Amino acid sequence: MLLRTLLFLCITMVLSGCLREPVADAQQQAALQKEAASIVQQFVATLKPKLKKALQEGGPAHAIAVCSKTAPTLAVQLGEKTGWSIKRVSLKARNHQTAIPDAWESAVLRQFDREQAAGKPVSGMTVSSIGKGQYRFMKAQVVAPVCLVCHGKVISPDVIAALKQYYPQDQATGYELGQVRGAFSLSKRLPNGGGGYETICSTATDIPAFIMLCRWHHGACLWAKCGEQRQQG
């Protein structure tokens with residue numbers, strides 16, 4: 001009888017914890033989203049002046065040369081500084097070494113395209129997700145007037161030559177003003193696989209066997225013995 005009572009109390013503690021966890025997760029996700037959006041702003045604020053200067057000094061062809069080296073380097077530097085993976089992806093990739101989207105990114109990009117076609121402003125499009133032990137964030141990039149010089153339907157011969165030189169597999173042309181030309185894609189590994197887990201059962205000295213419980217959290221199962229915890233993928 002005592003065993004059943006203690007088991008019931010322990011399970012009740014687990015269920016209570018499950019009810020409280022989404023609040024903590026929502027807070028965590030809001031903080032991560034704010035951090036990711038800030039990193040995107042840092043990226044843009046650093047790259048944009050460099051490209052503007054390159055345009056003024058040598059025109060669009062020179063800006064393409066500068067961007068081909070500066071953008072990937074900046075992504076690496078910001079990643080090392082912040083602990084995030086940072087890249088820009090597109091369904092029509094320009095840099096095939098860094099801009100090819102994975103399955104999740106492709107689905108989000110197609111979603112962005114549908115929303116833009118339905119009239120939603122591209123500047124406000126973001127998607128975030130927690131799964132497989134990481135947080136992911138994407139923010140759409142809009143085709144602004146200056147983008148048409150290198151991404152539009154009518155491109156000058158010198159720009160075409162520069163694109164062939166620096167991006168021989170380029171597909172990122174043919175856009176119109178206001179379309180989605182790609183997105184920033186950021187990800188960060190989360191501690192404990194993204195759970196923020198706690199020990200959910202106290203050790204009961206008069207129970208000879210360990211009590212094992214399973215909780216599903218963002219696709220990961222936490223097996224908790226009294227007094228310890230570990231994840232099962």
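**Entry 1: arginine 136**

I looked up arginine 136 in this predicted model and found the residue in strand S3, which spans residues 134–142. I then checked its accessibility: the relative accessible area is 14%. Because buried means under 20%, I recorded arginine 136 as buried.

I next listed the polar contacts of its side chain. One is with the side chain of aspartate 102, at 2.8 Å. Another is with the side chain of glutamate 105, at 3.3 Å.

I also looked up the surroundings of arginine 136, leaving aside neighbours within four places in sequence. The contacts comprise Asp102, Trp104 and Glu105, then Val127, Ser128 and Ser129, and finally Ser185, Leu186 and Ser187.

I took the pairs in turn. Aspartate 102 and arginine 136 meet through their side chains in a salt bridge, 2.8 Å from N to O. This pair links distant parts of the chain, with aspartate 102 in the loop between S1 and H2 and arginine 136 in strand S3, 34 residues apart. I noted aspartate 102 as partly exposed, at 30% relative accessible area.

Lysine 87 and glutamate 105 form a salt bridge at 3.3 Å, N to O. Here lysine 87 lies in strand S1 (residues 85–89) and glutamate 105 in helix H2 (residues 103–117), 18 residues apart. Lysine 87 is partly exposed at 27% relative accessibility, whereas glutamate 105 is buried, with a relative accessible area of 0%.

**Entry 2: glutamate 35 and lysine 188**

I counted seven salt bridges in the structure. One of them joins the side chains of glutamate 35 and lysine 188, at 3.4 Å from N to O. The pair links distant parts of the chain: glutamate 35 belongs to helix H1 (residues 2–82) and lysine 188 to strand S4 (residues 180–189), 153 residues apart. I recorded glutamate 35 as partly exposed, at 28% relative accessibility. Lysine 188 is likewise partly exposed, with a relative accessible area of 22%.

**Entry 3: helix H4**

I turned to helix H4, residues 157–166, and found Val159, Ala162 and Leu163 buried. Viewed down the axis of H4, the buried residues fall within an arc of 100°, so they line one face of the helix. I then asked which exposed residues the face turned away from the buried side of H4 carries. They are Pro157, Lys164 and Gln165.

Conventions: Residues numbered from 1 in each chain as written. Predicted model: local features only at pLDDT ≥ 70, side-chain atom pairs only at ≥ 80, totals over all residues. Heavy atoms only, no water. Buried < 20%, exposed > 50% of the residue type's maximum accessible area, 1.4 Å probe, protein only. Helix = DSSP H or I, 4+ residues; strand = E, 2+ residues; numbered from the N terminus. Arc of directions from axis to C-beta. Polar contact = N/O pair within 3.5 Å; in protein donor to acceptor, adjacent residues only side chain to side chain. Contact = heavy atoms within 4.5 Å. Salt bridge = Lys/Arg side-chain N within 4 Å of Asp/Glu carboxyl O.
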